[in-house]
Amino acid sequence: MRRRTTEEGHGLMRITLVQGDITTQDVDAVVNAANSSLLGGGGVDGAIHRRGGPAILAECRHLRASHYDRGLPTGQAVATTAGDLPARWVIHTVGPVHSSAEDRTHLLASCYRESLRVADELGATSIAFPAVSAGVYGWPMGDAARTAVDTVWATPTQVTDVRFVLFTPDAYAAFENALDTTGS
Ligand code: ADP
């Protein structure tokens with residue numbers, strides 16, 4: 001597992017890049033790149049439900065019925081138990097599908113901001129993010145990384161340990177580049 005930590009930035013926040021599987025992360029909250037149905041899917045969503053077991057889906061179904069009968073809107077975030085994962089909570093957020101016709105960067109930024117807001121509500125101080133929207137939703141990895149890093153740096157939060165957990169060497173390199181050039 002490759003790992004790199006940067007201690008610059010605001011307040012006490014530390015950002016760490018990890019190349020690996022987000023389901024093994026020992027953090028308070030793991031962020032899921034969910035779809036608006038909240039009923040599971042492929043990619044990181046599938047991995048989280050597989051490893052986390054049925055308790056996560058049961059709570060997602062309940063949330064769906066009680067609050068989101070039309071689905072969780074893009075850019076929003078909601079928490080459930082983390083089931084059998086090492087984390088305490090899963091924060092589900094719905095990234096935007098990439099579009100070349102329309103700039104949806106604000107929706108992708110909202111996923112990171114809203115996830116941190118939910119983490120603050122929970123009292124979580126450590127969080128692991130995947131590269132939201134950079135898989136099936138088609139976001140170019142460089143742009144996804146830039147928005148992720150810049151938004152997290154710019155968001156006031158009580159979370160002190162932010163990890164971006166990247167599945168592939170290319171994703172890791174894109175986030176490393178974004179971290180090296182943030183604010184420039
Ligand atoms: P989206 O639908 O938001 O694009 P995906 O799950 O398809 O979400 O992909 C988001 C990113 O998560 C991709 O870069 C993908 O390679 C990565 N990914 C897939 N499985 C895992 C995992 N177990 N841990 C961390 N990242 C993962």
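Biologist: At what angle do the axes of α4 and helix α5 (residues 169–180) cross?
Modeller: This is a predicted model, where local features need pLDDT of at least 70, side-chain atom pairs count only at pLDDT 80 or more, and totals for chains, interfaces and linings use all residues. Here the axes (lines fitted to C-alpha atoms over the stretch in contact, with angles from 0 to 180 degrees between N-to-C directions) come within 8 Å. They cross at roughly 45°.

Biologist: What do you call α4 and α5 relative to each other?
Modeller: Residues are numbered from 1 along each chain as its sequence is written, and side-chain values use heavy atoms, leaving out hydrogens and water. Angles under 35 degrees count as roughly parallel, over 145 as roughly antiparallel, 65 to 115 as roughly perpendicular and the rest as oblique. With a crossing of roughly 45°, α4 and α5 are therefore oblique.

Biologist: Which residues of α5 does α4 meet?
Modeller: Contact means heavy atoms within 4.5 Å. On the α4 side, the residues are Met141, Gly142, Ala144, Ala145, Arg146, Ala148, Val149 and Trp153. On the α5 side, they meet Asp170, Ala171, Ala174, Phe175, Asn177, Ala178 and Leu179.

Biologist: And α3 with α4: how far apart are their axes?
Modeller: Thr105, Leu108, Ala109, Tyr112, Arg113 and Leu116 in α3 touch Ala144, Thr147, Ala148, Thr151 and Val152 in α4. The packing angle is about 45°, and α3 and α4 are therefore oblique to each other. Their axes are 9 Å apart.

Biologist: How far does α3 reach from its first C-alpha to its last?
Modeller: Helix α3 covers residues 105–122, which makes 18 residues. At 1.5 Å times one less than its number of residues, the expected span is 26 Å. The model comes close to that, with a reach of 26 Å.

Biologist: Which elements do the buried residues of α3 pack against?
Modeller: Buried means under 20% relative accessible area (1.4 Å probe, protein chains only). In α3, that covers Leu108, Ala109, Ser110, Cys111, Tyr112, Ser115, Leu116, Val118 and Ala119. They pack against β3 (29–34), β4 (77–81), β5 (89–94), β6 (126–129), α4 (141–154) and β7 (161–166).

Biologist: How far is Val78 from Val31 in space, C-alpha to C-alpha?
Modeller: Val78 is in strand β4 and counts as buried because its relative accessibility is 10%. Leaving out residues up to four places away in sequence, Val78 touches Leu38, Leu63, Tyr68, Leu72, Val90, Ile91 and His92. In sequence, Val78 and Val31 are 47 residues apart. In space, C-alpha to C-alpha, the gap is 9.6 Å.

Biologist: Leu38 was on that list; is it buried or exposed?
Modeller: Leu38 lies in the loop between β3 and α1 (43–52). Its phi is positive, about 60°, though it isn't a glycine. With a relative accessible area of 3%, Leu38 is buried.

Biologist: Where does Ser133 lie?
Modeller: Ser133 isn't a glycine either, and its phi is positive at about 75°. At 5% relative accessibility, Ser133 counts as buried. You'll find Ser133 in the loop between β6 and α4.

Terms used
Helices (H or I, at least four residues) and strands (E, at least two) are DSSP runs, numbered from the N terminus. Buried means under 20% relative accessible area, exposed over 50%, partly exposed in between (1.4 Å probe, protein chains only).
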